[in-house]
Amino acid sequence: MVSAAPGALPDSARTRIHRRMIWVLSGLWLILLCWLAFFQGLGSLGLMDKTEALFVEVGHQMLERGDWVTPWWNGERFFDYPVWGYWMVGLSFRLFGVSEWAARLPVALAASAVVVAAFGLMLAWSPAGEAGRPRVLRAALAAGVIATTPGWIGWGRTSTTDMFLSSAISLSLFGFLLAHRHLSHPGWAGFGRVAMALFAGIAVLAKGPVGLLLPGLVVVAFLLLTGHWRSWLRWRPLLAMVALFLGVSVPWYTAAAVVNGADFLGGFLGFSNLQRFTTVLYDHPGPPWFYLPWLVLLVLPWSLFLPLAIAAQGFWQPRRWRMARVGPAAQAAPAELGLFLLLWLVLVVAFFSAAATKLPGYILPSLPAASLLVALLWRPLPEAKARTQAAGGRAGVRITASLEVLLLAGMAVAAALAPGWVASDPAYPAFGAALSSSGLPLMLSLCLGLTALALLVLLLRPAATGWLWLPSLAGFLAVLGLVIAPLGPLLDRERQRPLRQMARAAQAAAQPDEPLLIVGTKRYSLLFYGEPEAVFVSDRVHISQLALQGPDALSLTPASRSVRLLGDRRDLEGLALPSAGIERLSRTGELALWRVPRRSLVP
């Protein structure tokens with residue numbers, strides 16, 4: 001019998017310490033990911049025009065008016081979106097004060113919640129007998145891939161409804177996966193069902209019926225293909241889920257309908273849902289394949305490996321679905337998870353491809369599915385490892401990684417040349433020089449170049465094929481810390497600060513009964529930073545058309561003697577107004593503020 005060395009810890013104690021260390025490192029990893037991707041420098045950039053500024057101002061008006069039922073914007077009721085995002089912005093303003101940081105805090109938290117939940121989901125789907133290190137590495141990689149996709153980063157730092165919808169749909173589907181994996185475990189299954197119903201209700205509050213339709217399509221398709229629908233037809237859990245969903249989603253819709261009547265029903269259900277799907281709104285058309293290149297861009301560089309990740313699921317082999325239907329739970333898990341993620345990705349993209357109105361942010365709910373598929377390509381579940389290696393193949397992974405090297409090298413060259421390209425923007429003629437003097441383009445070029453070099457070094461070592469994801473993850477985290485964070489203050493100083501200055505100048509110069517007309521570009525942020533109401537006009541013809549509708553269309557009253565005009569100098573000069581009557585109140589860069597007599601615009 002061999003005794004332990006004096007002072008040595010027993011094996012059980014060392015195991016506990018090792019587990020605690022893994023959990024501590026995992027927590028630090030998640031904090032680092034979310035800080036770099038979503039929170040670092042969150043308030044350093046002014047609100048962006050036009051969607052973010054509009055969305056935030058609605059939440060601001062809710063707080064100012066104390067009306068938490070009816071959204072208002074620019075002096076009118078605004079029913080383009082439901083209320084969840086506005087509530088979150090208004091609540092953040094109430095707790096932390098009105099600022100850009102507080103406006104974006106809710107979306108950063110929503111984006112982070114999906115990253116953390118993805119980590120937990122990968123742990124939940126790992127076999128019980130798997131060692132701790134590989135399962136934690138798989139979960140950490142899944143969280144890292146989501147946190148470094150450009151689409152999730154961009155919308156996770158921009159206060160719009162897209163991230164609220166996407167995060168709620170993702171968390172609802174994560175809840176289903178958790179419950180489905182542990183149907184025989186009352187605690188985990190119950191938690192998953194609660195999450196599924198709760199976040200589906202929040203998704204409906206964030207964007208309307210699509211918040212239930214999309215996760216419902218994915219779940220129903222999955223259950224029909226795998227034959228597991230019977231295990232979900234238990235009336236007590238279903239009844240509880242329905243009650244929770246309705247309890248979350250219905251009260252506000254009921255209150256809004258009671259308070260606003262047909263205006264709400266027609267404006268929200270008719271215009272913002274049916275017409276948005278069946279007709280082109282706001283001049284945003286697109287062909288059926290519109291979202292395919294956007295999916296590639298929003299998930300770069302991981303999207304390069306997405307075809308291999310999809311192929312690894314063997315979707316063209318129905319026998320795999322039959323295996324998921326009849327096989328034991330431990331063997332069916334990888335097949336079911338891959339199939340579910342693939343359905344999630346395809347159905348979301350297909351749904352929005354069928355819609356007439358198209359915007360890149362619409363497919364944001366599909367990004368977590370794409371990210372997890374790629375993570376499972378690199379670190380598959382143990383039972384799926386042989387199949388993944390056969391489907392993807394080391395050769396396919398290495399060829400794709402070689403393409404990524406070329407892409408990163410090209411991006412590094414483009415980053416170095418970027419200041420020359422942006423210098424051609426006449427609205428911000430000094431931005432190119434400021435960007436060049438900051439050194440950020442060269443820093444970005446260096447990060448991308450070093451990432452390409454590290455990837456190339458690993459490609460020269462065949463034994464390191466399973467780690468080809470590491471340079472991309474490390475490189476893009478370096479870009480977040482060294483480039484994106486300091487870029488915010490620069491963009492704000494050169495592009496957003498002049499808008500804030502002009503908004504305050506216009507507000508300070510206001511005379512009684514003097515309306516403000518914003519000419520040309522629709523800079524909605526002027527309402528947030530200045531006075532809350534203005535008239536947006538494109539040109540002199542547009543002004544004449546509004547004048548025919550009556551003085552109210554231009555916010556004119558019988559006491560109005562003059563009008564303030566704010567816009568790019570070229571747009572104001574394009575109005576061809578008599579120069580003798582123009583009072584030039586302020587100018588910042590290309591932005592100008594004029595006062596003109598009422599008769600100059602409306603004879």
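Biologist: Which residue stands opposite Leu593 in β7?

Modeller: Ser586 stands opposite Leu593. Residues are numbered from 1 along each chain as its sequence is written. This is a predicted model, where local features need pLDDT of at least 70 and side-chain atom pairs 80 or more, while totals for chains, interfaces and linings use all residues, and side-chain values use heavy atoms, without hydrogens and water.

Biologist: How do β6 and β7 pair?

Modeller: Strands of a sheet pair through backbone hydrogen bonds, either parallel or antiparallel. Two strands pair if DSSP finds at least two bridges between them. Here β6 and β7 (residues 591-597) are antiparallel, over five bridges. Strands (E, at least two residues) and helices (H or I, at least four) are DSSP runs, numbered from the N terminus.

Biologist: What is the order of the strands in the open sheet?

Modeller: The order is β4-β3-β5-β7-β6, with mixed pairing. The edge strands are β4 (535-537) and β6 (583-588), each pairing on one side only.

Biologist: At what angle do helices α4 and α5 pack?

Modeller: Angles run from 0 to 180 degrees between N-to-C directions, and axes are lines fitted to C-alpha atoms, for helices over the stretch in contact. Helix α4 (residues 100-125) and helix α5 (residues 132-147) pack at about 150 degrees, with axes 8 Å apart. They are therefore roughly antiparallel (over 145 degrees; under 35 is roughly parallel, 65 to 115 roughly perpendicular, the rest oblique).

Biologist: How confident is the predictor?

Modeller: pLDDT is its confidence in each residue, from 0 to 100. The chain averages 87, and 88% of the residues score at least 70.
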